[in-house]
Amino acid sequence: MTDWNQAYASGVYDGRGETVSSPRFALIGGLCTRARATDILDVGCGIGLLRASLGLGLSRYTGLDCSSVAIQRLQDKGDGDCICADAEQWLPVRQYDAVILNEVLYYFKD
């Protein structure tokens, strides 16, 4: 199992070199725009790299990640709501227009 706090603290997932993900981020952002999704939950958000691709029409962004280090970095950006929790155990208290699971499902046990 990956130690996500260690990975983020060491800079492994600091966002440099994310040009590989840029086309996928653009596609996800385009799909959310087309669906008129303005309230988005990003499960496994990390430091929020996908956030910038979600467009200007976004009214509310919520990032969920199990790493307190990643969530703190996202909070420092001040660009949305942040939840530090295990996505497999967490239960939402409200509805969202779209839920994004980008590069995260294969970490789930079931």
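Guide: Strand 2 covers residues 60-65, and five of its six residues are buried, so the rest of the structure largely encloses this strand. Buried means under 20% relative accessible area, exposed over 50%, and partly exposed in between, with a 1.4 Å probe and protein chains only. Strands (E, at least two residues) and helices (H or I, at least four) are DSSP runs, numbered from the N terminus. This is a predicted model: local features need pLDDT of at least 70, side-chain atom pairs count only at pLDDT 80 or more, and totals for chains, interfaces and linings use all residues. Residues are numbered from 1 along each chain as its sequence is written, and side-chain values use heavy atoms, leaving out hydrogens and water.

Now the partners. Two strands pair if DSSP finds at least two bridges between them. Strand 2 pairs with strand 1 (residues 39-43) in the parallel sense, over five bridges. Within strand 2, tyrosine 61 is the bridge partner of isoleucine 40. Strand 2 also runs parallel to strand 3 (residues 81-84), and four bridges join these two. Here threonine 62 has aspartate 81, in strand 3, as its bridge partner.

Together with helix 3 (residues 68-77), strands 2 and 3 make a right-handed β-α-β unit. Right-handed means that, with the strands pointing away from the viewer, the path from the first strand over the helix to the second runs clockwise.
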